[in-house]
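Opening the notebook on a new model.

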Amino acid sequence: MKDIYCEECGLLLFSTDKPDGADGAEAVSKGYVYKMPFFFGIEGGHFFCCKEHWNRWLNDHTTPEQRERGNKEVAEMKQKMEASKPGLLAGLQRIQNAHKELLKMADK
């Protein structure tokens, strides 16, 4: 079992036996903030009790240049994700249609 603390204020958030990564998903499901700030040049996953502590921690652990570059990369990634939605939805529709056809064939 490992204890998970807010990296800004040191508050004990919860204890878990889940491995790295899964503990981040557990944190989010419990209402905490889990970040992997690799766009800002920081490795690993980091836990926070609230969004304000995440923002404060990020400002204390990065330079203005790192934040500017990281924010730009995050914005570009979000834009690419939005642009890929129509193709993704069309692909999912094709899979659903193929599944329906297979079910019809299985019923014959």
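This is a predicted model: local features need pLDDT of at least 70, side-chain atom pairs count only at pLDDT 80 or more; totals for chains, interfaces and linings use all residues.

**Fold.** I counted the secondary structure and got 3 helices and 4 strands. For these I took DSSP runs, with helices being H or I over at least four residues and strands being E over at least two, numbered from the N terminus. Along the sequence the order reads β-β-α-β-β-α-α. The radius of gyration comes out at 20 Å, well over the 13 Å from the globule rule for 108 residues, so the chain is more spread out than a compact globule. That radius is over C-alpha atoms, and the rule is 2.2 Å times the number of residues to the power 0.38. I also looked up the box around the C-alpha atoms, which is roughly 65 × 35 × 20 Å along the principal axes.

**Ground rules.** Numbering runs from 1 along each chain as its sequence is written, and side-chain values use heavy atoms, with hydrogens and water left out.

**Whole-chain numbers.** I checked burial next: 25% of the 108 residues are buried. My classes are buried under 20% relative accessible area, exposed over 50% and partly exposed in between, with a 1.4 Å probe and protein chains only. The chain exposes about 7,900 Å², and carbon and sulfur atoms supply 57% of that. These areas are Shrake-Rupley values with a 1.4 Å probe, and for residues only the protein chains shown count as cover.

For contacts (heavy atoms within 4.5 Å), I looked at those with a separation of 6 or more; residues 24 or more positions apart account for 31% of them. Then charges: the mean positions of the 16 positive and 17 negative ones lie 9 Å apart. Lys and Arg count as positive, Asp and Glu as negative, and His and the chain ends are not counted. I placed each charge at NZ of Lys, CZ of Arg, CG of Asp or CD of Glu.

**Aromatics.** How many aromatic pairs does a search of the whole structure find? I get 6. A pair means Phe, Tyr or Trp rings (the six-membered one for Trp) with centres within 6.5 Å; planes under 30 degrees apart are stacked, over 60 edge-to-face, and the rest tilted. Phe-38 and Phe-39 make a tilted pair, 4.6 Å centre to centre with 40 degrees between the planes. Phe-38 is exposed at 53% relative accessible area. I also noted one aromatic cluster made of Phe-48, Trp-54 and Trp-57.

**His-46.** Buried or exposed? His-46 counts as buried, at 10% relative accessibility. It sits in strand β4, residues 46–48. Skipping neighbours within four places in sequence, His-46 contacts Glu-7, Val-33, Tyr-34, Lys-35, Pro-37 and Trp-57. I also took the C-alpha separation from His-46 to Asp-17, 29 residues apart along the chain, and it is 17 Å.

**Leu-11 and Leu-12.** Leu-11 is in the loop between β1 (2–5) and β2 (12–16), and Leu-12 is in strand β2. Leu-11 is partly exposed at 45%; Leu-12 counts as partly exposed at 43%. Not counting residues up to four places away, Leu-11 touches Ile-4, Tyr-5, Cys-6 and Cys-49. With neighbours within four places set aside, Leu-12 is in contact with Asp-3, Ile-4 and Tyr-5. For C-alpha distances I have 41 Å from Leu-11 to Leu-88, 77 residues apart, and 9.8 Å from Leu-12 to Phe-48, 36 residues apart.

**Gly-41.** Last stop was the loop between β3 (33–35) and β4, where Gly-41 is found. Gly-41 is exposed, with 55% relative accessible area. Its C-alpha is 8.2 Å from that of Thr-62, 21 residues apart along the chain.
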